[in-house]
Amino acid sequence: MPLLSRGGFDQFAATASGPSSDEYGLTGPQPFTVLREVTRELQPVPLTFSSTAEERGVTLTRLRLTTGSRVMLRRVADEEAPLHILAWSWDLSGDGPLVNPVPEEDLSRWTVPFRKTERRLDDAPLELVPRRRVIGCQSVRVILWQSDRGDDPRTVIDQVREAMRHSRLAAALSALATAETTMMTAVGVREAAGELGREIAPVLRALCSDYVDFFEGFYPAAENAAGTEHFTGYHSELSLRI
């Protein structure tokens, strides 16, 4: 369960067709929660997800952790224990989840330096989600982690990427690209997304001496989300630009 959050999967919108549209007048995009409730007895219900007209991305512009955040990360103020950022993202296009930083990235940019009395990253924006046309809903999750075991950070990221490739969510998303999308496939994605954190946790526990599930955000394609958002709590601050 992430410490900071924004929105949820149930906010995304889709347009139903077939009997549900004819019988209940579900014309135009409807929230997932409405579609799920109204169409319980009408499966299968074909869906068309909303999409953005423009390309969107998500960029981390600022991250700040005070020494009080040792309630989350015990060694947050220890300069000898680097603090790293890991992120994954996905939408409903049928593409698999994306893990950042990507292999060719300079990992030093994804390390939060200790400055005087706090961890702070505010001089090098990080692209958590590359610009793309979003289908259905853009999800992004941020993990903060440390390791005193001498592991190469790239090893941790590669192991998470491999676990993601074999996750239930990856399989559910691929189904969107290979078959007609229905309400049941959307429900499958929702359930798999809810299990993803637990599937990745064993990798993080094995390779990290400390980590925190820091942020999860959902940005529906039908929502005009452009701009900068600030999140605060648990002795921390996060800014994202959409």
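Helices (H or I, at least four residues) and strands (E, at least two) are DSSP runs, numbered from the N terminus. This is a predicted model, in which local features need pLDDT of at least 70, side-chain atom pairs count only at pLDDT 80 or more, and totals for chains, interfaces and linings use all residues. Residues are numbered from 1 along each chain as its sequence is written, and side-chain values use heavy atoms, with hydrogens and water left out.

**Strand β12**

**Strand partners** (two strands pair if DSSP finds at least two bridges between them)
- β6 (residues 83-90) runs antiparallel to β12 and is joined to it by seven bridges, with I85 opposite L144.
- β13 (residues 210-220) pairs with β12 over ten bridges, also in the antiparallel sense, and D213 of β13 stands opposite I143.

**Cavities** (sets of points on a 1 Å grid over the protein atoms alone where a 1.4 Å probe fits but cannot get out; lining residues have an atom within 4 Å of a point)
- The largest cavity holds about 40 Å³ of space, and its lining includes I85 and W145.
- β6 and α3 (153-165) each supply at least two residues of the lining of the largest cavity.
- The second largest cavity is lined by W88, W90, S139, R141, A193, L196 and E216.
- β6, β12 and α5 (183-207) each give two or more residues to the lining of the second largest cavity.

Key
1 Å grid on protein atoms, 1.4 Å probe; cavity = no way out; pocket = protein on both sides within 12 Å on 5 of 7 lines; lining within 4 Å. Points joined across faces, edges and corners; volume = space filled by probe spheres on them.
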